[in-house]
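Hi,

Here is the structure I promised to pass on.

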Amino acid sequence: MKKLVIVSFILSTILSAAFAQAGKPDALKLYREGNYKDAIAICEEEITTNPSNMDSHAVLCWSLVANKQYNEAEQRATEARKINQYDIRLMEVLGEAKYYLGKNNEALAMFQRYIASSSESAARIGTAYYYMGEIYIRQAKYEHADISFTTAVRFEPAHSAHWWTRLGYSREMNGDWQNAIAAYDKALALNSSHYDAIRGKNNCKTHIQ
């Protein structure tokens, strides 16, 4: 009888913990729904309970970037990488934070490290190449930007008209009119009213008529 009581108590404890976990708010779900402040709060609580929870660190930093808290995102990602410097999610999001802070070379280095450490199936590989393209445009390295944006849309061809437009712009700035028009056409196929794609295409056409 005593053994049955002990077993019953253990099972009750396990089930209670499972139900509590099941009812706990999901930070990743909240992040994906755009509820960044609540996602941040949950991640902070999880990290307080378990400082080595890398999932919580990653979602926290994604949410901070999405909420435009770039300085804090940079700081928290840097701290989290002291726990695990090989977590590719932290490499990528640290690159994003540094990009928005205007730290172009540091951001570029983080994106390059992320790509070198990831497989082609990594979730944010296209995003990393997109940001690299934007950095190269900032640096007026339009051929490099072309390569980066071309790679970004290869990984995510239907991602957005904006990516294709930026590819068109990098080619336009490099005087590659025909290929710029081809990229702008891709953008317009996704969004026929995209102003920058329309403007860019019309400008390129004036150079080849």
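Keep in mind that this is a predicted model. The buried residues in α7 are N104, A107, L108, M110, F111, Y114 and I115. They cover an arc of only 165° around the axis, which puts them on the same side of α7. The buried residues of α7 pack against α5 (70-83), α6 (88-100) and α8 (125-138), while the face turned away from them carries the exposed N105 and A116.

Next, the salt bridges; the structure holds 14. One of them pairs E44 with R76, with the closest N and O atoms 2.8 Å apart. E44 lies in helix α3 and R76 in helix α5, so this pair ties together parts that are 32 residues apart in sequence. R76 is buried, at 14% relative accessible area, whereas E44 is partly exposed at 25%.

Another one joins R89 to D55, with 2.7 Å between the closest N and O atoms. Here R89 is in helix α6 and D55 in helix α4 (residues 54-66), so parts 34 residues apart in sequence are tied together.

One last thing, back in α3: E46 sits in that helix (residues 36-49) and is buried, with a relative accessible area of 17%. Its side chain makes a polar contact with the side chain of S56, at 2.6 Å.

Cheers

How values were computed: Residues numbered from 1 in each chain as written. Predicted model: local features only at pLDDT ≥ 70, side-chain atom pairs only at ≥ 80, totals over all residues. Heavy atoms only, no water. Buried < 20%, exposed > 50% of the residue type's maximum accessible area, 1.4 Å probe, protein only. Helix = DSSP H or I, 4+ residues; strand = E, 2+ residues; numbered from the N terminus. Arc of directions from axis to C-beta. Contact = heavy atoms within 4.5 Å. Polar contact = N/O pair within 3.5 Å; in protein donor to acceptor, adjacent residues only side chain to side chain. Salt bridge = Lys/Arg side-chain N within 4 Å of Asp/Glu carboxyl O.
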